[in-house]
Amino acid sequence: MTFSHAKSTVGVTQSMANRVLRLLIVCQVLYSTIAFGSVLDIDKEEEEFSEELLLKPLPDRKVLAHFHFQSTAPPSTSFGRHHHLFPKPISQLVKKFRVKEMELSFTQGRWRYEQWGGFDHISSNNAKPPGVELWAVFDVPQSQVDASWKNLTHALSGLFCASINFLESSTTYSAPEWAFRPDLGNLRYGTLPREAVCTENLTPWLKLLPCRDKAGLSALLDRPSIYRGFYHSQQLHLTLTGSGSEEVDSGIVLEQTLTVVLQPSSWRTGKSYVDKAHSQPSWSINSIFGRKVGGKCVLAKSSNVYLQFEKGLVGELKNLQKENANSETNKLASKVFLSNLSFDLSVNPDKVFEEVDNFHSKSTSILYEFSVEKYNDSHPLDLGLTWKIPVVWSCQQAPLHASRFLMGSGNERGAIAIYLRSTELSEGLKKSDIVDKSCELRVNVFQVVPWYIKVYYHTLQVFVNQQSRAVADIMEKIHISPSKDKTSPGVMELILKLPCGLESAALNLEFDKGFLHIDEYPPDANQGFDIPAAVISYPDFHASMHFSEDGSLDKSPMFSKFQEKSLVLSYTEILLVPLTTPDFSMPYNVITITCTVFALYFGSLLNVLQKRVGEEERFLKSKAGRKTGRLSQLLSKFSTKLRGKPREPQPSTTVSSSFVSFKLILKILLVAGIAICWQYYFG
Amino acid sequence: MSAVVDKSPREAAASPESMRTAEPGLKRLFLTLSVLFSFILGMVLLIIYYLLLVVVVFLFNFNICAGFPFLWKSVEIYRSEISLMESNPSLSFPFHFQALFFNFNPDLNPHHLKLSILDQITKLTSDSAPQCGTNKNLTTLSVTLHSNKSHCTHDTNFYPCGANAISAVDFDSADEDVDELLRSVFSGKNIYTVAVVNGGGDGIRVVVGKYRHAWIVGGFDFEEEDDLASRVAEIFVKVFVNGGRDQGLIHGEFMPVGADGRIVLSFNLLNAEPNDWVYDWDFQRIDESVLTPIMEVLGPIANISVESQVLYHTPKSSFSYWDEKQNSYIFNTKDLPFFVNSNEWHLDTSIAAGGRSKILQFVVYVPSAKECPLRLQLPNGEISKTNGFISPMWGGAIVLNPRSCLKDSESKRPQRHIMSTEDLQEVFEVFLGQFRQLFGLKSDNIYVGESGTFHLLPSERGFTEWELDVLSRQHTCFNLHSCVTTLGSLSRLVQSLPRMIIMDEIGKQVQFSLEAAKLAQSNASQGVYESAAVSSRQARSLAEDAFFHPSIMSVSYYSFEHCFAVYSPFFLPVSMHVLLAALREWRRYKKEKAKYLAWKKIK
């Protein structure tokens, strides 16, 4: 495998060298008359930009729109300094932090693997966990990787107006070894599950496009309609091409993709079906985005809109056609698949492609290409799809459906469970398993856990088909780096070896909840703490799509990307763990109560110190001789009783002083007022 | 109770309400007052202690558990020694001038001539605003007189008569050749030379060369000695010392150099509407051929880096109108503040220029077909020749009109043009002029002085040697001034916050900054402008580093309210008790005293 890979790269470099040589000769002829001209004609290779949009109806009455913008910068000496189409900040970023490969995604909403598919390129590469996910590979010595990562996070957070700089802390990122992406070397991976994604992140992302959202396909990105969608993921992926040498920096390929799942509102009232739930809504570009495609971005090398019908949908349509039409039209239809029986396209496609399937399944997906080239502002492209009959189909699934949940209750301990459930694909495998006994399904699990969730890795339990199995039987490879308090998160990488015929498998890990320092709590501590999504991938399954023979699609960057073998990968849900949160006002309460006690003690001590007992009693007596209120009489009675002495007979005067009672009323009122105030403000 | 019993017979005689026989006791009053005072003292001490504690605990994480002496020691704040600048550095650049006179009457007295030139120099210097670093006492002048009969007199020995390498004949050739010849004779010396040649020509021609010399060729009479002296003095003062700048131009305070001594020149080609036409440039070539020499030349003043990008869909935000007479769209100088459209022009995206570098934006604006050709109208109604403008400390902009403003309506695809070499050359000449203007130098080759016009020979590297000298001097002055201001602010800050920690690093930076400043000063006094500029740059950047050191920020996060909130629950109730007790006791004492006095009086 590696050998063939090396061979192919050698071949590529050779052909490159040949081309360069040829170019050299041509240029010498050309520039013999002109005095100047750089010797390196690698510069003559130009920066390129292309834009594509893939639309795909989804089984649950939604539409997937996948924008793919690709900018490439060829290897050059003036890398990071002089640019024509390629965004300068990105190349400066790459040059400054020596990034070899990087992917940054901003996502809102959750990809529904069961309804929207889990086996194709988009679901493996563009379905991301909510929030921000960043991974980067650096071309620096091992010791400098962390420093580069920290600087990169700061630069990106400035560039994209997001709090990516929180990934700087070593508790938030990890260095996966093999389970996340195979063999990448100096890889760092970090996620911010709670990052809110909005237009302020999209605008800087659009700034990197040469036409921004002024022209071309990106003009479709009407903010209210794309943020209204069910799923929204904006990505930036950059890879270096060619080996950089001393003089010439390597080129960059920058892919910017935006994947949105939108719900079309039925724009044309069709026939009313009996079964409303199964009727697919008809839609057009204008109805889902609120805008039309008014021509291409003039700087783009290619600008196309594609409409893809999935395998399942095509199979279903073929079945319907068989039922409805005779064999002659069927043949014609299967040739180009422009049937008018079940659906209508408002614009005639420029080309139709059929997938070349290696599995020889009964149906293959179909792709319609619409070139934006011939449209302009006065004659915009508004691709519409109208369904005539209800269709029901399902998307191709990943071998297993993964979900993750928390178990246990209370603020002390709990357990994380990852549950893998078989899908139709693995059922298919099960059938083939009857022939081949030694069939195995390999599953990679990559899980990062923050340090305050103290996972006990020895408690790992595996259940296959609801029966407990020894971990050693199932595990092919395991790598664990336990968390260090306040320093690094815990990372668990597993390769599971599951039998093909399984119905379900579950992994169970117990954990204790840690205590944070009072400073470490976020502002809304009672909301809970997020555990980043686990990554489940299937190393034996690769999603790749090959369209028809003539090779015209090879030029399309999006489809050349689709043709690459990419690992089938899915993310689980993000978990929310409530931790014990302290009463943040407690220190102050303690201070207040102690101080009050001290103050009381101090005050009474002082009172005792300065008291003249004899004089006071004399005073009281003389006062009592003059006027005695009912209350003071009572008081003196009470006090003498307390002292345990017989009460001295006093001359009772019935004349109660109005002054005393007024004072009394005032006091009572004051106390009541304070009580009301207290109740009002603190009650 | 007992007090009631042991009444003295005297007390019984007097009514207890109105008078008393014994002097009131001071015991309780003293007690309560001492409690009050110790309470106040304790409160003050506690607050101070708390302040120290908070600072120490929060900033040092020290463990305070030992006795008071240790506490006092631990409470001490670490302050690195900062030796601050006592006063403004007195910069003084020495100027050496020499004047050579060829073909003059031998009767002319060189000493007399020298005196009159010096007199003129003093007059001119005092006329203009005082320039930083000029010192009249350090100005030297030598005058050498070559008469036609190989008679020569001189006063000092900068250019003694014996070194007869040049003669009047040499000045007949082309300016460039004369310049090179003079350079070969005077190379390696920091002396400004003016050669005056009495040649038969009609008019008087004044040329300032690319290096450090100028020459005047023309027919002179003996009577014109004063005129001659004023001409020579004007070249010395206005050109060589002041850089030939006009008063109205950018003031010297605005040096477009970042605090870390770096400039990033960001060149942007803006296509307002790429659907009409798309322009691109081969910037790499321009960078190598035009900009690299300039960057090298300006090396001592700033570390310059260049980057470029092409942006699209970038309309300007000001309006323009169609003018029949000019047959073009016109925008006025009063629209210029709105020309730069910061919403759509994403110019400032340089990650490479981290920190405190200065980014100068240079913009080539290609107008759309709707506003083509677009021309700038000057306030006097004329059309600007360069079609561009500068904004001090921001950069410059040029409008580049396509050769033909007609859009090919047939072809839907816009034409893609690569800017031709001539166009690029033209644009970069204007940019160079703008760049010079941003540095406060003249962008054209003619200087109109009081005594006529001077031709300034342009250098192919953008800046002539004497201009670089001027810039170096000015830059040294500016840097040292800014270094002193920064360090002064730092010292004021440090003195105003006695509880601020100062790390060793800051102290070191200040020390290095001062050392660099001293080096710059000594270099300046020796007349080594370039190294003076370099070390002054270091001084400034180190001073800025010290000022913006992250550890300085830590002190400002401590609040007094915190302390108040922690201690008020105790001190507030206790203070009530103590105050009331003291008050009551004091009143009682006064009352009893009055009673006693009344009794005494009766007695």
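Me: How many cavities of 30 Å³ or more does the structure hold?

Reply: There are 6 of them. A cavity is a set of points on a 1 Å grid over the protein atoms alone where a 1.4 Å probe fits but cannot get out, and its volume is the space filled by probe spheres set on points joined across faces, edges and corners. Bear in mind that this is a predicted model, where local features need pLDDT of at least 70, side-chain atom pairs need 80 or more, and totals for chains, interfaces and linings use all residues. Residues count from 1 along each chain as its sequence is written, chains are lettered from A and ligands numbered from 1 in the order written, and side-chain values use heavy atoms without hydrogens or water.

Me: What makes the lining of the largest cavity nonpolar?

Reply: The cavity itself is about 80 Å³. Its lining (residues with an atom within 4 Å of a point) includes B:Leu265, B:Val290, B:Ile294 and B:Phe362. Leu, Val, Ile and Phe are on the nonpolar list, with Ala, Met, Trp, Tyr, Cys and Pro; Asp, Glu, Lys and Arg are charged and the others, Gly among them, polar. The tally comes to 10 nonpolar, no polar and no charged. Helix H10(B) gives the most, 4 residues, while strand E7 and helix H8 of chain B each supply at least two. (Helices are DSSP runs of H or I with at least four residues, strands runs of E with at least two, numbered from the N terminus.)

Me: And which classes line the second largest cavity?

Reply: That one holds about 60 Å³, and its lining splits into 4 nonpolar, 5 polar and no charged residues. A:Tyr113, A:His401 and A:Ser570 are among them. Strand E15 of chain A brings the largest share, 3 residues.

Me: Why is A:Asn508 called buried?

Reply: Its relative accessible area is 15%. Buried means under 20%, exposed over 50% and partly exposed in between, using a 1.4 Å probe on protein chains only, so A:Asn508 counts as buried.

Me: What makes E9 and E11 edge strands?

Reply: The open sheet runs E9-E14-E11 in chain A. E9 and E11 each have a single partner strand, so one side of each lacks a neighbour in the sheet.

Conventions: Two strands pair if DSSP finds at least two bridges between them. On a 1 Å grid over the protein atoms alone, a cavity is a set of points where a 1.4 Å probe fits but cannot get out, and a pocket is an open set with protein on both sides within 12 Å along at least five of seven lines; lining residues have an atom within 4 Å of a point.
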